[in-house]
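This briefing is meant to be read beside the sequence and the coordinates.

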Amino acid sequence: MPYISSKDAITNLQRYLRQLSYTDADIPSPPVDGIFESVTKNSLLAFQKKYGLPQSGVGDRATWDKLYAEYLASIARYSPPRALSVFPRVPEGYAVSRGDEYFLVGIIQLLLNELQIIYDSFIPLSMNGIFDEPTEKNIIDFQKKNHLPAMGKVDKATWDSLVRAYAQYAADYVR
């Protein structure tokens, strides 16, 4: 087992307490500096009280076990949803273009349809998963407006720009 210094242990204790303090106003937020002082002790005492542990202000085994379990649960509960990566990483230079038919084209069409609120020149698209002429026209329009080469294909740069535009739109206009 690797050696863990008391400073490392205190830093972990503070990190776990701080994570819990983000969503629980009863637990004061300690600094994460590896120094056990009054703010850290008060945070630990509040944690022990909340979870029915002896209020000693000491990180005994029962406190550590409960603190770590609550920390992991908090990370799982409050972490952002996992991203779904659908654009292929290989082969290098890959692009989706007119005539292609599969789920990625449907996602591109979904993004373009959603972005019509921003790009009013877009043609409403059928969500058919076929990279057809209207899809190509919207891509060219998008590429021009985003200072990308207007080639009508969705390469990584166009994909990244589409996703960025959608993420910004969704953050501002979540329905």
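A pocket here is an open set of points on a 1 Å grid over the protein atoms alone, where a 1.4 Å probe fits and protein lies on both sides within 12 Å along at least five of seven lines, and its lining residues have an atom within 4 Å of a point. The largest pocket is lined by 21 residues, and those nearest its centre are L84, V86, F87, W159 and V163. The model is predicted, so local features need pLDDT of at least 70 and side-chain atom pairs count only at pLDDT 80 or more, whereas totals for chains, interfaces and linings use all residues. Residues are numbered from 1 along each chain as its sequence is written, and side-chain values use heavy atoms, with hydrogens and water left out.

**The largest pocket**

- The space in the largest pocket comes to about 430 Å³, a volume being the space filled by probe spheres set on grid points that are joined across faces, edges and corners.
- Helix 4 (103-114) and helix 6 (156-173) are the elements that give two or more residues to this lining, and helix 6 provides the largest share, with seven residues.
- By residue class the lining holds 14 nonpolar, two polar and five charged residues, where Ala, Val, Leu, Ile, Met, Phe, Trp, Tyr, Cys and Pro count as nonpolar, Asp, Glu, Lys and Arg as charged, and the others, Gly among them, as polar.

**Overall form**

- The protein has six helices and zero strands; helices (H or I, at least four residues) and strands (E, at least two) are DSSP runs numbered from the N terminus.
- Its radius of gyration, taken over C-alpha atoms, is 25 Å, whereas a compact globule of 175 residues would have a value near 16 Å, by the rule of 2.2 Å times the number of residues to the power 0.38.
- Taken along the principal axes, the C-alpha atoms fill a box of roughly 70 × 40 × 25 Å.
- Buried residues make up 35% of the 175 residues, with buried meaning under 20% relative accessible area, exposed over 50% and partly exposed in between (1.4 Å probe, protein chains only).

**Aromatic pairs**

- The whole structure contains 11 aromatic pairs, that is, rings of Phe, Tyr and Trp (its six-membered ring) with centres within 6.5 Å, called stacked if the planes are under 30 degrees apart, edge-to-face if over 60 and tilted otherwise.
- The rings of Y16 and W64 are edge-to-face, because their planes stand at 90°, with the centres 6.1 Å apart.
- Y16 lies in helix 1 (residues 6-21) and W64 in helix 3 (residues 61-78), so this pair ties together parts that are 48 residues apart in sequence.
- Y16 is buried at a relative accessible area of 11%, while W64 is partly exposed at 25%.
- F47 and Y51 form a tilted pair, 4.7 Å centre to centre with 40° between the planes; F47 is buried at 0% relative accessible area and Y51 is partly exposed at 25%.
- Ring pairs also link Y16, W64, Y68 and Y71 into a cluster.

**Surroundings of T63**

- T63 lies in helix 3 and is buried, with a relative accessible area of 1%.
- Leaving out residues up to four places away in sequence, T63 touches L44, F47, Q48, L53 and V58, contact meaning heavy atoms within 4.5 Å.

**Backbone**

- The peptide bond from V90 to P91 is cis, with omega near 0°, and P91 lies in the loop between helix 3 and helix 4.
- H147, in the loop between helix 5 (133-145) and helix 6, has a positive phi of about 55° although it is not a glycine, and it counts as exposed at 74% relative accessibility.
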